[in-house]
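These are my notebook entries on one protein chain.

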Amino acid sequence: MTITVTDDEDPTITCPGDVLVVADAGTCEATGVALGSPTTGDNCGVASTTNDAPAAFPVGTTVVTWTVTDLYGNTATCSQDVTVQDTEVPTITCPSDVNQTADAGVCEAAVVVAAPVTADNCGVASVTNDYNGSADASDTYPVGATTVTWTVTDIYGNTAQCSMTVTVTDDEDPSITCPADITQTADAGVCEAAVVVAAPATSDNCGV
């Protein structure tokens, strides 16, 4: 006679703890992540333990599934979270400082400002400046020196800043128009005259 005993008991598996790592410098992923080893057991014996982990983990959370197989083909699984954080700040290089003369007749200048050069390992989300709050600092600037601070923010909220100066000078002379010439008779009994002289008319683009 034949007595056949089958093993229908699944093996056991306990995953290693979740992993939190930082992305590799200059990239938006992490390689060489140490996952640890699961704890396994089986009534007849473990044949293999595998996982579906990628070679490189992208920023964010990746679920790694571990599978244990016993000698008779029974299997069990467990899951482990691998979280990769992007802590690398973006880079930003400000445009050159701008020096410009005020526009004729006004105490300001319409200034064209180039955009800064930015980069990030995962991607740039926004570029703004503190002068007009937009990604384009070209605008009207008053006479004097204005500091413009640029801020770049990447898609994971990391930021970097740089500053530049926009200097507008007033090179426009003021204007003056003298009052009309005066011809007046000497006051009675004296060889002089008390003369009322009007003020000249003056103006300037920035102020007298």
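I began with terms for accessibility: a residue is buried under 20% relative accessible area, exposed over 50%, and partly exposed in between. I noted that the model is predicted.

**Entry 1: the sheet**

I looked up the order of the strands in the sheet. I found 4 strands in an open sheet, ordered β2-β8-β7-β5, with mixed pairing. I then located the edges: β2 (19–22) and β5 (46–51) each have a single partner strand, so one side of each is left without a neighbour in the sheet. Neighbouring strands of this sheet are turned by 20 degrees against each other on average, with direction ignored.

I went through the pairs one by one. β2 and β8 are parallel and share 4 bridges; there Val21 has Val84 of β8 as its bridge partner. β7 and β8 are antiparallel and are joined by 10 bridges. In that pair I found Gly60 opposite Val84 in β8. β5 pairs with β7 (residues 60–70) in the antiparallel sense over 5 bridges, and Thr50 has Thr67 of β7 as its bridge partner.

I also checked the turn from β7 to β8. The two strands form a hairpin with 4 residues between them, and Gly73 in the turn has a positive phi of about 85 degrees.

Ala76, Cys78, Gln80, Val82 and Val84 make up the covered face, while Thr75, Thr77, Ser79, Asp81, Thr83 and Gln85 make up the uncovered one.

**Entry 2: the residue Asp86**

I looked up Asp86 in the loop between β8 (75–85) and β9 (91–93). Is Asp86 buried or exposed? Its relative accessible area is 7%, so I recorded Asp86 as buried. The side chain of Asp86 makes a polar contact of 3.2 Å with the side chain of Asn121. Leaving out residues up to four places away in sequence, I found that Asp86 touches several residues, among them Val59, Asp120, Cys122 and Tyr156.

**Entry 3: the disulfides**

How many disulfides does the structure hold? I found 4. Counting bonded cysteines along the chain, I noted the pattern 1-3, 2-6, 4-7, 5-8.

Cys15 and Cys78 form one of them, with sulfur atoms 2.0 Å apart. Cys15 lies in the loop between β1 (12–14) and β2, and Cys78 in strand β8, so this pair ties together parts that are 63 residues apart in sequence. Cys15 is buried at 17%, and Cys78 is buried at 13% relative accessibility.

A disulfide also joins Cys28 to Cys122, S to S 2.0 Å. Cys28 is in the loop between β2 and β3 (29–31) and Cys122 in the loop between β12 (117–119) and β13 (124–129), so parts 94 residues apart in sequence are tied together. The torsion about this S-S bond is about 105 degrees, so I recorded the disulfide of Cys28 and Cys122 as right-handed. Cys28 has a relative accessible area of 25%, so Cys28 is partly exposed, whereas Cys122 is buried at 17% relative accessibility.

For Cys94 and Cys162 the sulfur atoms are 2.1 Å apart. This disulfide is right-handed, with 95 degrees about the S-S bond. The pair links distant parts of the chain, 68 residues apart: Cys94 in the loop between β9 and β10 (98–101) and Cys162 in strand β16 (residues 159–169). Both Cys94 and Cys162 are buried.

How values were computed. Residues are numbered from 1 along each chain as its sequence is written. This is a predicted model: local features need pLDDT of at least 70, side-chain atom pairs count only at pLDDT 80 or more; totals for chains, interfaces and linings use all residues. Side-chain values use heavy atoms; hydrogens and water are left out. Two strands pair if DSSP finds at least two bridges between them. Axes are lines fitted to C-alpha atoms, for helices over the stretch in contact, and angles run from 0 to 180 degrees between N-to-C directions. Buried means under 20% relative accessible area, exposed over 50%, partly exposed in between (1.4 Å probe, protein chains only). A polar contact is a pair of N or O atoms within 3.5 Å; within protein, one must be able to donate a hydrogen and the other to accept it, and residues adjacent in sequence count only if both atoms are side-chain atoms. Contact means heavy atoms within 4.5 Å. A disulfide is a pair of cysteine sulfur atoms within 2.5 Å.
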